[in-house]
Structure formats: structure tokens, C-alpha cells
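I went through the structure shown below and wrote down what I looked up.

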Amino acid sequence: MGPRWELVEGLVEQYTDLPPEAIFKEDILRTGIAFSEDVLRVASGYKPKAYFIFSFDLVPISEMDKQENLRVPEEICLIGGRRSFRRTIISVRVNPSSPYKVAISDEGKLILTLERKEVCGVRYPRAPDYYGRTLSNGKPISDIAPSIEWGYLVYLTVFRLCHYHGRKDECKFCDINENYRQQKRTGRSYTAVKSVGEVLEALSIIQETDSESRAYTVTGGSVTSSLNGLKEVEFYARYPEAIEREFPGRWISKAVVQALPKSEAQVLKDVGVQIYHPNYEIWEPELFRAICPGKEEYVGRDVWIERILDAGEVFGPQHVIPNFVAGIEMAKPFGFVSVEEAIASTAEGLDFFMSNRIVTRFTTWCPEPITQLGAENRGGAPLEYHVALLKTWRDLLEKHGLPAPPGYGQPGIGQAVFSVSSFMDVVRD
Ligand code: SF4
């Protein structure tokens, strides 16, 4: 057994109250997946990776010799294998030198291997009918309204850039701006600012042809002054306002934007947003200031946190679900050196929010090399951190008697579809 198998299996044996699938999932998310030419050929006809907001890849597109950026599936589903995995959905993060590879077995089936040894079976996601359609202006729907989470969530990144850019302002783990540039260089249809009309046209096609999507997210980069003459809240509120007018209640409505003043959060609520994600990214005060300099400069950590609590009064606390990027606590040169310290800090934040009935969620950090932190931390955070975090998050959720956060579909292993971390996979009945 190779060293990575020993690491993962050792943690599976240590954390007997976590599903083994979730431990493998965390390791796959932090490491990425390699695809051979054969399995890329099989992927044609399935749902391709749409690059719904960031690159979420472990190499830049310029280093993808097999044009994986155009050919890999959006997600994979793990199933069966030596540990009888229950269905587990994982976002695809390309890494041609990963020890995790999608391969074809001797029986001709898709499998996942780790260090050349089979882990389990793999399924690719079906491409929804609307992926074959284009808008009247010729743009593919996968640019304007791609879906993720195995078809559950329509992801509307209506502004694919962020006004926090450059070393002074941009969050140091974020590649939204650089990813936009690399996508444009490939010639992909990748709309910087989507019009309300484009979004409505795409959703009307989805509405006619799809029964799997249950929620949509409106999001994009931060707006520091104005965009198209509109303040941040004015710019973003137009989308749910129009969607709810045109398709009232068809989808659960979510918005991921900065922590806004209470009156502006109320604007989002009034136009029909049900779930609000004012992402705080990292709890530790000094690390927030170092890693999110734009957020610190324009809003400030303390105000950010106050606004999250205020939003709880507007939406109801369980409809405020701020995200953090799990693992950046340990990124050099700013982060904690020991897993124990990193978990203790993050647990303090989780406990704070949950004691206010606000359930945070997390995305497993993908150390994209086109970001400052990714370039300096090619291995990301240790798997021990990610697994300890899963247990900490789940135990605090249970300690506070809180349900799984709404808007993510069914919780629990074998049911969950959230693909960029395992928090929904570890929720127990
Ligand atoms: S606010 Fe930070 S994380 Fe969000 S898009 Fe801008 S740079 Fe990225």
C-alpha cells in the first residue's frame, strides 16, 4: 500500500464516526484528479466542467496537455468498491499529476484509482437537455446558467470579476479575476457581466426542459463603488427580483454577496432572496486581515461579523449561511503551523455563529496555483486538518441542536449532492 493509501486509511480507522467516503472526498478535493485520454473520451456526451466561478483546478489551463479544461466532467460520483461506497458527489479539480486517477477497469468500467490501486466505481453526470441549447444571442446556456451539485443548483455568476484585484485588495486564495482571463484566452464563451435578459432566457429554457434543479444562486465578485452605475446591492438584487417575478417560487433563491448593511440585506430579502451567504472566509482576526485585505479595507472584520448577525434578523438565522474556505488557516506564510491550533481557531468561529443559530458551511480549499496562496502552498492544507474539521463542524452542529442548513438538498452520506466539501455528507439523522 502506498503512502497516500496509508494516510487516508489511517484516518478512516481513527475517525470511525465519519463516513469513509467523506475522508476520501476531502483528500480528492485538496489533491485533484487526473484523467487519462480514454476516460476523457468517455466523458464526451456527459456534463462538462463549466467553470461556474473560480477555476478550482490544481494547474493552470496552459499546463493541461490533454485540454482537460474542455473535456472533464463537472463532477464525478463515487460508488461501490472495496469499502462499498455509498453515492458520493465530488467536484472535479484537474490535476494531471494527482495520485487519484479516473481509469477504465479490465471489465471496461470507469473506476477511481489511488496510487494505481482501485478505490471504487465512478459515474459521470448526465448532461441536462438544456446544455445542448443556446440563447438567441448564440451563447451556450452553460455560460449563462450552468448547474452543479448533480443538477440541483443553477449557478448564476452574474459578474465574473471582482473589484478587489491585485495584491493589495484581492483575497489571496481567490482566482476569480485570473480565471476569467485564462478562460477568455481559450476562446470559451465566458460572459463578464450577464444581463438580466440573458439570465431570464436561460432560466426559461431550464424551466421548460428540466425537473432536477431545485435552487439557484446569484453571485459574483464584490462591487466596491458601482457597476453599470449601480451599487452592489442594486446590481445583484435585479436578478432575483426579475427571476421571482417571472418564475415565482420555482427555485429556492440564494445570494452570495458581501456582508451588507442591514437595510441592504433587507433589499435582497424583499426581492425574494431566501438564503443569504455573506462569506467570511476565515475566522482568525489577524489571518482575515492578511488574507482578505480588500474585505478588511472596505468593510472590516468586526463590521462583517456584525452584519452577519444583523442578516439573521432579516432572513432568520438559519437562512444566513456564511461560507469559509477550509484550509487557508494553515497556508504559509500567514497561517497556523499546527493542525490543533488551526482547528481550535476555526472551532471558535463555528461555535460563535452556531450559538447565534447561524450555521456556517465550508468549501475545501483548492490551492489554485494562479493565486498567491496556491502558488506558495502547492500541497494545500494537511488532510488531518480537513478530517478534524469535518468532525468539529458536525459535532458543533449536534451540540447546538441545529438542523442541516437549507438549500442543499438531502443531507447525509449517500444523499448529499454538495460537491465542493463534505459538510452535507457527514450530517447524521
Ligand atoms: S471578495 Fe474575495 S473571494 Fe470574493 S470574489 Fe472578490 S477576491 Fe474573490
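What do S5 and S6 form, and how many residues lie between them? They form a hairpin with two residues between them. I work with a predicted model, where local features need pLDDT of at least 70, side-chain atom pairs count only at pLDDT 80 or more, and totals for chains, interfaces and linings use all residues. Residues are numbered from 1 along each chain as its sequence is written. Helices (H or I, at least four residues) and strands (E, at least two) are DSSP runs numbered from the N terminus.

Entry on pairing. I count two strands as paired if DSSP finds at least two bridges between them. S5 (residues 110–114) runs antiparallel to S6 and is joined to S6 by four bridges; leucine 112 has cysteine 120 as its partner there. On S2 (residues 75–80), three bridges give an antiparallel pairing with S6 (residues 117–123), and leucine 78 is bridged to valine 122.

Entry on backbone angles. In the hairpin turn, glutamate 115 has a positive phi of about 50°. Arginine 116, in the loop between S5 and S6, also has a positive phi, about 75°, although it is not a glycine. I looked up its surroundings: arginine 116 is exposed (12 or fewer other C-beta atoms within 10 Å, C-beta atoms being placed from the backbone), with 9 such neighbours. Serine 84 lies in the loop between S2 and S3 (85–91) and has a positive phi near 50°. Serine 84 is exposed too, with 10 other C-beta atoms within 10 Å.

Entry on the cis bond. The peptide bond from lysine 332 to proline 333 is cis, with omega near 5°. I found proline 333 in the loop between S12 (323–326) and H14 (339–355).

Notes:
A residue is buried if 20 or more other C-beta atoms lie within 10 Å of its own, exposed if 12 or fewer, and partly exposed in between; C-beta atoms are placed from the backbone.
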